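Hello,

Here is the structure I promised to pass on to you. Have a look at it first, and then read my notes below.

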Amino acid sequence: MKENYQDSIDKYVLGQMIDDEKSAFEQMMLKDPDLKMQMAFTKDMITALKSREEKLAKMDFWEEEEETHQTLCAGDRFNLTEVKYKSLRQSSAFNKLRKESRISLIPFKPLILWISGIAAVFVAGFFLIDSFNDQELYKNQKGMPSVISENDHILYIKKNYLIMDISSLKGGGDHVEIVWMIESGELDEALNRIEREKMKIAFEQKALEAISDKERRAYEQKSIQLKSDELDWLKVYALIAKGQREEVMQLLDSLRNSDGVYKERADSLYLIITKN
Amino acid sequence: MIDRGLYTKNYSDVAFVEGTYRRNPVMERALYEHCKKYFEEKYRRVFFVDDEHKKEIFQESFIKLWENIDRRKIYVEDGVLRGKNGLQFSSTLTTYFMGIAKLKYLEWTRGCECEFGFGENERVRTPKADIYKEMLYDQGENVMLDIISDCISHMSERCREILSLFYFHEKSLDDILVEVPTYKSKNALKTEKYKCMENLRKSANEIYRRFVND
């Protein structure tokens, strides 16, 4: 392959030669087998690149569309601060494809769907009475909260998304922050934070001994157990996202053999993973 | 926008292949969703990877399947799905797809020494598995195109970016210098582009020599 040939080949394949230049170059190719071979290779490479880029652009578009569809479906359950929609106008590969094949860039149905979704969010948010004190945390939330897709306790885990209803977490703002860490892919930090929260719970457990009131002690014990199970469940998701199957199975086994609120979910997930 | 119900339906393998070959957007999307669903259900039986690499393996495998349909490696004739040498397809499309995924996984783990290095310090390793030849490189027309496609998928991100910007997006070297500011000069970028192509050509020729002529 000769570097000086490549300049002329590039001009030819990109249609930058004038007619006379083009004819002369074609004559040259007939006489020079090396040039002809280099041209053939360049054409094949362009065909392969074009095919790949077009397919990737379509696949990216489908993924974005699917994510946005799922987010809109779950829109009334979360405090949506922004719709996570990567602007395809910035995707030059997709724009090139669109120009050539007239694919509509408006991926959604009528604008009214968007308006309805956003309106539903505001209405739901207005009526949502949150027992947390940390409302400010939600307002500053970046990106999209996770989408919950639950069908007979089967939860679908997507990369960097945690499927949790953060408005009902027992652990308060601390657990919400863990959810956000998992969502944004900070898995090691999330796991470290989970361990720290578990240590706090261990201290709380010890402090129970000082409570003389039986009823109050029982209530506090239950609260501690709920928070502990919740942390284990958060850990399951972080470990799944990390691909640590063995630890996931151990933790799920422990959860499904307990009498906690996550028993059934853990059982379902355990069976799904073993079946696969 | 395509009605979501259309591409979440289950179609026959024949419909998927013929529709995709005809560039029907519904069928292309339906095939994608079909393979994605199957992959999500089955991949853990085949290999164990984290989410990021799982996505990569799925993407590369689907691109390969799609290209095989485009290039008529699998095609429909008289309502029958046919594959290599015109023989009737012996498995389902999803099984075929997972076969590709397995190979892509092997490449990813480097278990079959199938990595193609680009750049001065990267070796070009020799591919070894015969199944590669069976599954991916058919001795049909323009096998070199298939080989080059595969090599591009293994190319470094840097090389792929330069070549895509130049040949697919048809940007000039000056424009690429702005988008990829790591290069100090137009000549440096031009040399890098040439090296990427040269290494791609060497790898493709090596595979061609080892697999097709053996």
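To begin with chain A: buried residues account for 43% of its 276 residues. Please keep in mind that this is a predicted model.

Chain A holds 11 helices and two strands. Going along the sequence, their order is α-α-α-α-α-α-β-β-α-α-α-α-α. Of the contacts in chain A between residues at least 6 apart in sequence, 59% link residues at least 24 apart. Its accessible surface is about 15800 Å², and carbon and sulfur atoms own 52% of that.

Now to the place where the two chains meet. Chain A brings 47 residues to the contact and chain B brings 46 residues. Together they bury about 4700 Å², with 61% of this area on carbon and sulfur atoms. A:M1, A:R52 and A:W62 provide 16% of the area that chain A buries against chain B, more than any other three residues.

There are also polar links across the contact. I found eight salt bridges between chain A and chain B, and 13 residue pairs are in polar contact, both residues being at pLDDT 80 or more. A salt bridge to look up is the one between the side chains of A:K58 and B:E28, at 2.8 Å from N to O.

Which elements of chain A give two or more residues to the side that touches chain B? They are α1 (3–13), α3 (33–73), α4 (92–101) and α9 (214–242). The largest share, 23 residues, comes from α3(A). By class, this side of chain A has 16 nonpolar, nine polar and 22 charged residues.

Conventions. Residues are numbered from 1 along each chain as its sequence is written. Chains are lettered from A and ligands numbered from 1 in the order in which they are written. This is a predicted model: local features need pLDDT of at least 70, side-chain atom pairs count only at pLDDT 80 or more; totals for chains, interfaces and linings use all residues. Side-chain values use heavy atoms; hydrogens and water are left out. Helices (H or I, at least four residues) and strands (E, at least two) are DSSP runs, numbered from the N terminus. Buried means under 20% relative accessible area, exposed over 50%, partly exposed in between (1.4 Å probe, protein chains only). Contact means heavy atoms within 4.5 Å. Accessible areas come from the Shrake-Rupley method with a 1.4 Å probe; for residues, only the protein chains shown count as cover. Buried area is the accessible area (1.4 Å probe) that two parts lose on being put together, summed over both. A salt bridge is a side-chain nitrogen of Lys or Arg within 4 Å of a carboxyl oxygen of Asp or Glu. A polar contact is a pair of N or O atoms within 3.5 Å; within protein, one must be able to donate a hydrogen and the other to accept it, and residues adjacent in sequence count only if both atoms are side-chain atoms. Ala, Val, Leu, Ile, Met, Phe, Trp, Tyr, Cys and Pro count as nonpolar, Asp, Glu, Lys and Arg as charged, and the others, Gly among them, as polar.
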